[in-house]
Amino acid sequence: MSLTDSTATELLRELNAKRVSSEEVTRAYLDQIPSLDQSIQAFLRLRADEALQEARDVDRRRTAGEPVGALAGVPVAVKDILCMQGELTTCASKMLENYRPPYTATVIEKLRQADAIIIGKTNMDEFAMGGSNENSAFMATRNPWNTDCIPGGSSGGSAAAVAARMAPLSVGTDTGGSIRQPAALCGITGMKPTYGRVSRYGLIAFASSLDQVGPLAQTAEDAALLLEVMAGHDGNDSTSAAAPVPRYSQTVTQPLSGLRLGLVKEHFGDGLDGEIETAVREAVRVYESLGATVQNVSLPHSKYGIAVYYVIAPSEASSNLARYDSAHYGYRTDVTEMLAEWEREKKTLAACGDQEGLRRLDSPLVRMYRQSRSEAFGPEVQRRIMLGTYALSAGYYDAYYLKALKVRRLIRQDYDRVFQEVDLIIGPTTPTPAFPIGEKADDPLSMYLGDLYTVSANLAGIGGISVPCGLTSEGLPIGLQLQTPPLEEERLFRAAHMFQQATDWHTRKPSSIQ
Amino acid sequence: MSLSRADVEKVSLLARLRLTPDELDRMTVQLNGIVGYVDQLSELNTDDVEPMAHAIEVHNVFAADEVRPSLNRDLALSNAPKRDEECYRVPAVLGD
């Protein structure tokens with residue numbers, strides 16, 4: 001087996017046995033990325049020189065018998081939403097095209113402490129808003145299984161990088177499904193931990209009560225390894241969970257006995273692709289053959305998930321993104337040109353005695369804010385800022401934002417009730433497989449409906465994982481989603497690993513990279 | 001509830017965005033589509049439901065009240081679109 005076909009667990013075994021060096025592993029990936037990524041466009045930036053230097057440093061310490069970290073010498077690709085001091089971090093936005101953060105995200109620090117090799121930053125939907133990667137300001141990542149199709153999003157670059165064997169592990173973020181959905185559409189394993197499990201310090205904020213960092217990998221075993229490194233309480237993020245982090249990588253291979261699975265009846269209604277339903281029901285039979293019992297359960301408020309999400313997430317986004325004021329950092333319009341236009345407008349209004357027009361004319365500072373933001377934010381980001389500003393504005397706050405927060409609690413209560421009866425919820429990750437690039441570009445609502453099965457976990461703050469469970473007749477991957485109560489990631493990993501011991505969907509790879 | 005083009009224009013000022021007439025038209029249609037979908041929440045009676053702002057409801061997380069180093073001025077100004085030695089520079093706020 002070639003180095004780049006190996007899982008992170010296998011690479012680590014070889015590295016620790018000194019049968020291969022990190023420099024060789026890192027070079028193997030860096031050598032094949034240019035040709036593969038020409039058609040896929042998963043990476044916004046590679047850190048080739050830095051990665052090789054870091055790899056050599058790990059090799060030196062390992063050879064010298066010094067202690068090394070849990071991911072020592074293993075390459076990891078990171079979504080370009082996590083800050084690295086002094087290194088470009090763009091969120092795939094023109095707004096942050098030249099942004100070099102003055103500090104480093106806790107997750108990045110933890111990866112470094114574990115001696116992981118960060119080989120590059122991956123593409124995404126701008127500010128993590130979207131499910132297709134078409135909203136990147138720089139390029140559209142393509143699905144390695146069919147380059148006419150989207151890879152999913154917003155962590156599409158991270159998912160495509162692992163699927164195309166350009167990295168054994170990658171880091172993504174999930175606000176409404178942004179790890180699980182691209183993992184499903186790219187045929188890999190992706191996990192959204194419980195809200196608060198991983199520090200958000202240095203994660204560029206989209207919707208702060210929903211955002212969560214998580215792992216993408218070929219296998220549940222690898223994902224467990226990566227989460228173990230990233231998870232844990234952080235004094236710099238007061239919402240991070242104080243609970244101790246289990247040794248996921250030690251327990252992941254232990255099967256669960258007496259597993260009780262809940263099949264959510266609302267997940268099998270209108271809109272679910274027939275081939276996905278068949279694959280998911282077959283996956284349920286696999287679990288039954290492993291001794292699990294299955295019962296039907298109901299999450300009656302899950303059908304309101306999208307509506308709740310598209311009030312809460314844009315509301316938080318409109319507030320978070322207010323910081324991009326073109327004064328402190330980020331893009332600024334050409335102020336000389338802007339002021340010249342402003343003077344012309346003012347003169348015209350004065351000449352025709354339009355007092356109302358003059359009164360309504362922006363001040364130069366407000367004009368700078370507005371023009372800079374509209375030039376630098378893409379259409380989807382502006383749409384969500386508008387939606388959130390509206391939902392939070394006087395007269396609508398109660399009808400939209402407060403209402404959504406109340407229904408959010410009902411969604412959480414549904415889960416609490418169901419988890420008294422079952423250990424895991426099992427179902428599809430997405431209603432449809434990857435769709436052609438451009439197909440939903442002019443229809444935001446239809447794009448939003450693709451989040452149907454994933455958003456509720458973010459609203460409730462619980463954990464979820466997507467694992468490959470089939471291929472459509474057109475050869476596109478299908479994802480199986482498992483969900484657990486808060487802080488039960490260990491259960492998710494063990495259940496996912498059981499499935500991957502009994503099936504081989506996670507070992508399939510796109511024909512283009514055989 | 002539906003939004004008029006004038007509502008959308010007002011929201012664009014609150015949001016500090018500047019939309020062209022075409023963008024205003026398109027945004028009005030799209031926002032109405034989304035808000036129309038969201039309106040289904042009104043069919044639920046939520047009178048006795050406590051709002052849930054956060055998934056993990058932690059309250060009053062205190063940090064020790066001690067002096068710690070913060071970003072130095074140069075680093076804080078390092079991404080400024082326009083600056084001088086010690087300040088961010090913006091167009092005049094108070095004018096004629």
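1. In chain B, 24% of the contacts with a separation of 6 or more come from residues 24 or more positions apart, a contact meaning heavy atoms within 4.5 Å. For chain A the corresponding share, again for a separation of 6 or more, is 76%.

2. This is a predicted model, in which local features need pLDDT of at least 70 and side-chain atom pairs count only at pLDDT 80 or more, while totals for chains, interfaces and linings use all residues. Residues are numbered from 1 along each chain as its sequence is written, chains are lettered from A and ligands numbered from 1 in the order in which they are written, and side-chain values use heavy atoms, with hydrogens and water left out.

3. Chain B has three helices and zero strands, in the order α-α-α from the N terminus on; helices (H or I, at least four residues) and strands (E, at least two) are DSSP runs, numbered from the N terminus. Its radius of gyration is 22 Å, well over the 12 Å that the globule rule gives for 96 residues, so chain B is more spread out than a compact globule. The radius is taken over C-alpha atoms, and the rule is 2.2 Å times the number of residues to the power 0.38. The C-alpha trace of chain B spans about 55 × 45 × 25 Å along its principal axes.

4. Chain A contains 18 helices and 11 strands. With a radius of gyration of 23 Å, close to the 24 Å that the globule rule gives for 514 residues, chain A is as compact as a globular protein of that length. Its C-alpha trace covers about 80 × 55 × 45 Å along the principal axes.

5. As for burial (under 20% relative accessible area, with a 1.4 Å probe and protein chains only), 26% of the 96 residues in chain B count as buried, whereas in chain A the share is 65% of 514 residues.

6. How many residues does each chain bring to the contact between chain B and chain A? Chain B gives 54 residues and chain A gives 72 residues. Together the two chains bury about 5500 Å², with 67% of it on carbon and sulfur atoms; this buried area is the accessible area (1.4 Å probe) that two parts lose on being put together, summed over both. B:R18, B:M52 and B:N79 supply 14% of the area that chain B buries against chain A, more than any other three residues.

How values were computed
Buried < 20%, exposed > 50% of the residue type's maximum accessible area, 1.4 Å probe, protein only.
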